[in-house]
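Thanks for making the time. I have one structure to go through, and I will keep it short.

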Amino acid sequence: MGRDIYTDEHEAFRDMVRSFIEKEIAPHHEQWEKDGIVSREVWLAAGRAGLLGIDMPEEYGGGGNADYRYYVIFNEELARASVHGPGFAVHNDINGGYLRQLCNDEQKARWFPGYCSGELITAIAMTEPAAGSDLQGIKTTAVKDGDDYVLNGSKTFISNGILADLVIVVAKTDPSAGARGVSLLMVERDMAGFERGRNLDKVGMHAQDTAELFFDNVRVPKENLLGEEGMGFIYLMQNLARERLSIGATALAGAEVAFEQTLEYCKTREAFGRPIGKFQHNRFTLAEMKTELTVTRAFTDDCIVKEGEGELSAEEAAMLKYWNTELLKRVVDRCVQLHGGYGYMTEYPIAKAYQDVRIQTIFGGTTEIMKEIVGRSLGV
């Protein structure tokens with residue numbers, strides 16, 4: 001199905017992104033998978049290519065372009081190439097929104113140049129060992145003491161956690177105030193008491209570093225408060241729609257490429273003297289997937305346009321994240337089945353996809369939480 005949400009300029013950018021992936025990521029990704037982490041050099045390369053901070057002000061080295069579709073294209077191409085190591089989406093789509101909207105002039109001058117060049121890699125620390133989707137249940141605290149906040153607590157499952165130089169930490173500055181007592185603090189790599197735990201051993205997405213973070217009486221200057229004290233929960237709710245759109249759009253791109261690879265396999269792999277795609281059951285399975293992908297593409301592109309116009313609702317983002325990630329899981333599972341025994345061999349891309357996609361229905365808000373958001377919007 002043709003897509004009408006992109007211009008020739010967007011497609012030229014897509015070509016540049018594909019060249020960047022082919023040159024800077026693809027040759028190294030297998031080694032990064034073994035290492036459990038990417039090289040910092042790929043971040044610097046992305047900065048030189050203008051792929052970090054596309055929407056950040058030009059005076060700080062950003063692209064000065066607020067068109068969200070460029071980030072979507074970047075994410076789609078990473079997904080299509082099955083290179084999940086560099087956590088660019090966390091940096092660009094998620095953290096960039098907080099920084100662009102909330103940083104004051106002094107903070108912009110301090111952080112934005114490194115953010116855009118790739119010298120400052122960012123992460124956001126929400127999830128805790130005992131608090132995932134329920135962000136109001138976090139235990140990490142930040143108590144005022146003179147000109148500092150004293151930060152104590154721990155976080156887990158933090159993408160870019162090992163490499164990060166700058167971490168947006170969600171903490172309670174007033175535990176008695178509920179949601180109004182949550183604030184965002186910027187913790188920098190060299191702050192005393194800030195320690196990283198192990199690089200977590202995951203089922204898939206092995207090249208992306210995912211870490212535990214620990215804060216033991218970390219003194220965070222008040223100048224590192226992001227936005228206003230007590231407004232953290234509101235900021236999180238305002239930015240989660242784009243995060244979920246990003247995850248959903250990436251999931252659909254991954255599902256589309258898995259289908260394309262499997263369709264080609266079904267045309268060439270023979271059983272009982274004919275291509276396996278000629279068997280009615282397999283042909284019907286392919287037809288079902290193609291139909292679901294085509295319908296989902298229409299909804300996804302509509303949401304992308306709405307986000308660019310500032311009109312995407314939290315409910316639509318939740319529907320998209322829920323549907324697209326569950327669809328990715330279903331499509332990849334069926335594609336493995338169509339590959340037969342070869343689908344279980346890691347030399348085939350579909351086997352790697354089977355490992356990588358399982359997290360999609362969990363991070364950024366589980367499918368169950370997405371359904372709860374949609375259900376509440378219905379008044380039930």
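This is a predicted model: local features need pLDDT of at least 70, side-chain atom pairs count only at pLDDT 80 or more; totals for chains, interfaces and linings use all residues.

I start with the largest nonpolar core, which has 37 residues. Within that core, Phe20, Ile25, Val42, Trp43 and Phe88 touch the most other members. Two or more residues come from each of α1 (8-35), α2 (40-48), α3, α6, α7 and α8. In terms of domains, at least three residues are drawn from domain 1 (8-120), and at least three from domain 3 (233-378).

Take phenylalanine 88 as an example. Setting aside neighbours within four places in sequence, Phe88 is in contact with Phe20, Ile25, Val42, Trp43, Ala46, Leu52, Phe74, Leu78 and Asp93. Apart from this core lies another, of 27 residues, including Met56, Leu102, Trp111 and Cys116.

Next, helix α7. Which elements do the buried residues of α7 pack against? They pack against α3 (69-80), α6 (232-268) and α8 (314-339). Among those buried residues are Leu286, Met289, Leu293 and Ile304, but also Asn282, Arg297, Asp301 and Glu307. Just after α7, glycine 310 has a positive phi of about 75°.

Last, the annotation. An unreviewed UniProt entry labels residues 123-218 "domain: Acyl-CoA oxidase/dehydrogenase middle". In the model, the chain over residues 123-218 is 0% helix and 51% strand, with its end C-alpha atoms 17 Å apart.

That is what I have; questions are welcome.

Notes
Residues are numbered from 1 along each chain as its sequence is written. Side-chain values use heavy atoms; hydrogens and water are left out. Buried means under 20% relative accessible area, exposed over 50%, partly exposed in between (1.4 Å probe, protein chains only). Helices (H or I, at least four residues) and strands (E, at least two) are DSSP runs, numbered from the N terminus. Contact means heavy atoms within 4.5 Å. UniProt positions are given in the numbering used here, feature names are shortened, and annotations may be inferred rather than shown by experiment. A nonpolar core is a set of buried Ala, Val, Leu, Ile, Met, Phe, Trp, Tyr and Cys residues joined through side-chain atoms within 4.5 Å. Domain bounds come from an automatic or database domain assignment.
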